[in-house]
Amino acid sequence: EDANETEHELKTELNYGFSNQVSDNFHIGFEAIQKSLIEGGSIESATLHTGPCVSLLNEKWWMAFTVAPQVLNLKGSKTDVVNDEKMYARFIFAVHL
């Protein structure tokens with residue numbers, strides 16, 4: 001291989017979710033995240049993570065937390081820990097301006 005050759009890869013992430021308003025400031029829900037890795041025009045990895053999410057909000061700020069383990073490897077029978085993480089966790093915080 002040429003040392004100057006560039007390898008191209010594309011990572012995609014699709015997020016699906018829903019939540020239920022428990023109170024004015026608290027929501028609880030479920031999220032699914034489908035992640036793919038494409039190299040050289042072919043899909044190298046495709047995984048699905050699912051799990052619960054919670055969010056808190058008020059008039060000045062908003063935050064959400066999701067924990068989603070990898071539940072399905074769409075390209076094989078076992079989880080793909082080489083190209084993707086086994087556990088997906090995300091914390092988001094925002095301030096209303």
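Which residue in strand 2 is the bridge partner of Leu10? That would be Ile38. Keep in mind that you're looking at a predicted model. What it shows is an open sheet built from five strands, lined up in the order 1-2-3-4-5 with antiparallel pairing.

- Going from one strand to the next, the twist averages 20 degrees.
- In a regular strand, side chains alternate between the two faces of the sheet.

**Strand 1 with strand 2**

- These two strands run antiparallel to each other and pair over 14 bridges.
- Besides the Leu10 and Ile38 pair, you can look for Tyr16, whose bridge partner in strand 2 is Ala32.

**Strand 2 with strand 3**

- Strand 2 also pairs with strand 3, again in the antiparallel sense and over 14 bridges.
- One of the pairs to pick out is Ser36 with its bridge partner in strand 3, Ala46.
- A hairpin with two residues between the strands connects strand 2 and strand 3, and Gly40 in this hairpin takes a positive phi near 60 degrees.

**The largest pocket**

- This pocket has a volume of about 210 Å³.
- It is lined by 17 residues, and those closest to its centre are Glu31, Cys53, Ser55, Trp62 and Ala64.
- Strand 1, strand 2, strand 3 (42-57), strand 4 (61-73) and strand 5 each give two or more residues to the lining.
- The top contributor is strand 2, which supplies five residues to the lining of the largest pocket.
- Sorted by class, the lining of the largest pocket has nine nonpolar, six polar and two charged residues.

**The second largest pocket**

- The volume here is about 170 Å³.
- Its lining is made up of Lys11, Thr12, Glu13, Lys35, Ser36, Leu37, Ser45, Thr47, Asn83 and Asp84.

- His27 is found in strand 2 (residues 26-39).
- Is His27 buried or exposed? His27 has a relative accessibility of 16%, so it counts as buried.
- Leaving out residues up to four places away in sequence, His27 touches Ser19, Asn20, Gln21, Val22, Cys53, Val54, Ser55 and Leu57.
- Two of those contacts, Cys53 and Ser55, are also among the residues closest to the centre of the largest pocket.
- Ser19 belongs to strand 1, and with a relative accessible area of 46% Ser19 is partly exposed.
- Setting aside neighbours within four places in sequence, Ser19 is in contact with His27, Ile28 and Gly29.
- Ser19 and Arg90 are 71 residues apart along the chain, and their C-alpha atoms are separated by 16 Å.

Technical notes: Residues numbered from 1 in each chain as written. Predicted model: local features only at pLDDT ≥ 70, side-chain atom pairs only at ≥ 80, totals over all residues. Heavy atoms only, no water. Helix = DSSP H or I, 4+ residues; strand = E, 2+ residues; numbered from the N terminus. Buried < 20%, exposed > 50% of the residue type's maximum accessible area, 1.4 Å probe, protein only. Contact = heavy atoms within 4.5 Å. Pairing = 2+ DSSP bridges. Axes fitted to C-alpha atoms, helices over the stretch in contact; angles between N-to-C directions. 1 Å grid on protein atoms, 1.4 Å probe; cavity = no way out; pocket = protein on both sides within 12 Å on 5 of 7 lines; lining within 4 Å. Points joined across faces, edges and corners; volume = space filled by probe spheres on them. Nonpolar A, V, L, I, M, F, W, Y, C, P; charged D, E, K, R; others polar.
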